Amino acid sequence: MKKYTGKTSTAIIPFPNNQILLIKRNTRPFVGYWALPGGRMDPGETIEQTIVREVKEETGLDVEIVSKIGEYVEMGVKDDVEYEYYPTCFEVKHIGGEIKKQESEIQEIRLFRLNELPKPLAFEHDLMIKDYLKNQKN
């Protein structure tokens, strides 16, 4: 069984009409699950650089960080892969580029209303969105 581990980052990208951008994964673990855009940190990168790069790679969008939602731990076994990730979730804002999905890693890319999200999302992304919504009310 493969094991994936490392520091990762995820992005909540708000759009008008109470929507956020989700990607449908085409990589293990969680193939076919909807998820927040993001990915693993490269050597020599800060976690902030990671999220800007990953969002651009996966969605075609240029973003800047608005705030940090939180730090999380994701562990489990899915699709014959054991994973242990340490993601940081950021709220980011779209500052340029057009939505265009990365062909190799993503099946689909779509805007969803926050009250109509697909369930369950990959990893701990449901919790990250819940924390994001809590922050919006403060």
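Residue numbers start from 1 along each chain as its sequence is written, and side-chain values rest on heavy atoms, with hydrogens and water left out. As the model is predicted, local features need pLDDT of at least 70 and side-chain atom pairs count only at pLDDT 80 or more, while totals for chains, interfaces and linings use all residues.

Start with the inside. The largest nonpolar core has 22 residues, and Ala11, Ile13, Leu21, Val55, Leu61, Val92 and Phe123 touch the most other members. A core here is a set of buried Ala, Val, Leu, Ile, Met, Phe, Trp, Tyr and Cys residues joined through side-chain atoms within 4.5 Å; buried means under 20% relative accessible area, exposed over 50%, and partly exposed in between (1.4 Å probe, protein chains only). Two or more residues each come from β1 (2–12), β3 (19–25), α1 (47–59), β6, β8 (81–97) and β9 (106–113), with β8 giving the most, five residues. Helices (H or I, at least four residues) and strands (E, at least two) are DSSP runs, numbered from the N terminus.

Setting aside neighbours within four places in sequence, Leu21 is in contact (heavy atoms within 4.5 Å) with Ile13, Phe15, Pro37, Thr59, Leu61, Ile99, Ile109, Arg110 and Leu111. There is also a second, separate core of 15 residues, and Ile69, Leu117, Ile129 and Tyr132 are among them.

As for strand pairing, which takes at least two DSSP bridges between two strands, β1 runs parallel to β8 and is joined to β8 by 11 bridges. Within that pairing, Lys3 has Glu82 of β8 as its bridge partner. β1 also pairs with β5 (residues 38–40), this time in the antiparallel sense and over three bridges; here Ser9 is partnered by Gly39 of β5.

The loop between β6 and β7 holds Tyr72 and also Val73, with β6 spanning 61–71 and β7 spanning 74–78. Tyr72 counts as buried because its relative accessibility is 9%. Beyond neighbours within four places in sequence, Tyr72 is in contact with Tyr85, Tyr86, Pro87, Cys89, Leu127, Met128 and Asp131. Val73, at 46% relative accessibility, is partly exposed. Together with Met75 and Tyr86, Val73 makes a nonpolar surface patch of about 280 Å². Patches take residues with over 30% relative accessible area and no salt bridge, joining like charges within 9 Å and nonpolar side chains (Val, Leu, Ile, Met, Phe, Trp, Tyr) within 5 Å. A salt bridge puts a side-chain nitrogen of Lys or Arg within 4 Å of a carboxyl oxygen of Asp or Glu, and accessible areas come from the Shrake-Rupley method with a 1.4 Å probe, where for residues only the protein chains shown count as cover.

The peptide bond from Arg28 to Pro29 is cis, with omega near -10°, and Pro29 sits in the loop between β3 and β4 (34–35). Lys119 and Pro120 are likewise joined by a cis bond, omega about -15°, in this case with Pro120 in the loop between β9 and α2 (125–137). Asn17, a non-glycine residue, has a positive phi near 65°; Asn17 lies between β2 (14–15) and β3 and is exposed at 54%. Asp79, also not a glycine, has a positive phi of about 55°. Asp79 belongs to the loop between β7 and β8 and, at 32% relative accessibility, is partly exposed.
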